[in-house]
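Here is a short briefing to read alongside the model. Please keep the structure open as you go through the points.

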Amino acid sequence: MGATGQPQSLVRGARFTGSGVCLLLALLTGAWILRDLRLVADPARLWWAWAGSGPDRFLTASTLYDLSLLLVYVVVAVLVPRSPVAASALAVTALTTLALRVPALWADGFAEVYPHGLRMRAMVSTFLVLGLAAVLLITVAAGRRPVRSGQGAPGSYGRTDGAPVCVPTRPGRAAGVVSAVLLVAVGLVGAAWEVYAFVQDSGSLSRYADRFTGSGDGLQLLGIPAGWACLVLVVISFTAAVGALLRAVHSRPLGLVVAGLVGVSGAAGVSLAVRAGLFADFGALGGVERLTVASWAFHLLAAAALVLLLGRRGVPGDPPPRLAPNVYDGYGPAPSPGGGGFGPPPPSSRPPGW
């Protein structure tokens, strides 16, 4: 929605520009994953290394977040040229990228572990990714145009550049409420684990701050400090939940990004739990271990439910204001004189007897 409450849509050029930028982001992210795949004979070993399986750990550059972002970039790049929520999808993608990549500018957990050349490549890649995310935001800001009602069939709208487009869609009422509950639960789970981490650090703010700086964490080259990643997840989960309750246009892409983040991490955790037989021995686990396994399972199930609820076609929002048939709004070709608008008025009828 625009500042005046009128529905907004992206012009064709902005849609394809945004799609191209997402493809570039996918290529940059995928290149690091391919770099790690070249180090192992079995691709499954990279998955287990991401999941945290001790026997399969090796010096990876990428993390599960890279896989999540890669999925987001590819999906957005494919769908945004014809999506009614293209502007929101591109803005959410850009802001999520900025939030998850900016810690690389200060995180120092990998400073002496990787070769200098590889570290320099990672820094250059980070600046490129941040720059492309900024380009996405500029594209959205410059390419938005008001949606105006047309004179055709109901539900048919046009942009101010004359191209037909559907009004941006919102989640349905039931889908919005259920999604909001799931998103709040995801945020609360993340917040609860952060409280636990603070207590484990004996309430020391200096030690707890290391979770946001990456100091001493043994981060992967593109790793994200655990506390920062959890903070981002909590913030976007609650933001998406409020948007879903209000049936805001941005709640669908934002909720799906949350689904991508927790779905990949949940799948990794559940696969690790199955491999280690943790579900079979669930009763013998300690309290923290049980909560950890339960969190993995919940994240995977919540992600699947969010995809089903928010991934389906939304419902149209409030229609844009409809103009009277004889009113020209200044956009597109002017109507012909015979069709109303600014043409000369028709001659008046002659008086009786003429």
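Contact here means heavy atoms within 4.5 Å of each other. With that in mind, serine 271 touches Trp47 and Trp48, leaving aside residues up to four places away in sequence. Please remember that this is a predicted model.

- Serine 271 sits in helix H9, which covers residues 251-275.
- The relative accessible area of serine 271 is 19%, so this residue counts as buried, because the cut-off is under 20%.
- A polar atom of the serine 271 side chain lies 2.8 Å from the backbone oxygen of alanine 268.

**Helix H10**
- Helix H10 runs over residues 287-310 and has 24 residues.
- At 1.5 Å a residue, H10 should span 34 Å, and its end C-alpha atoms are 33 Å apart, which agrees.
- The buried residues of H10 are Val293, Ser295, His299, Ala302, Ala303, Leu306 and Leu310.
- What do these buried residues of H10 pack against? Their partners are helix H6 (173-200) and H9, the helix that also holds serine 271.

**Cysteines**
- A disulfide is a covalent bond that joins the sulfur atoms of two cysteines.
- How many disulfides does the structure hold? The number is zero.
- Cysteine 22 has a relative accessible area of 0% and is therefore buried.
- Cysteine 230 is buried too, with a relative accessible area of 14%.

Key. Residues numbered from 1 in each chain as written. Predicted model: local features only at pLDDT ≥ 70, side-chain atom pairs only at ≥ 80, totals over all residues. Heavy atoms only, no water. Helix = DSSP H or I, 4+ residues; strand = E, 2+ residues; numbered from the N terminus. Buried < 20%, exposed > 50% of the residue type's maximum accessible area, 1.4 Å probe, protein only. Polar contact = N/O pair within 3.5 Å; in protein donor to acceptor, adjacent residues only side chain to side chain. Expected span 1.5 Å × (residues − 1). Disulfide = S-S within 2.5 Å.
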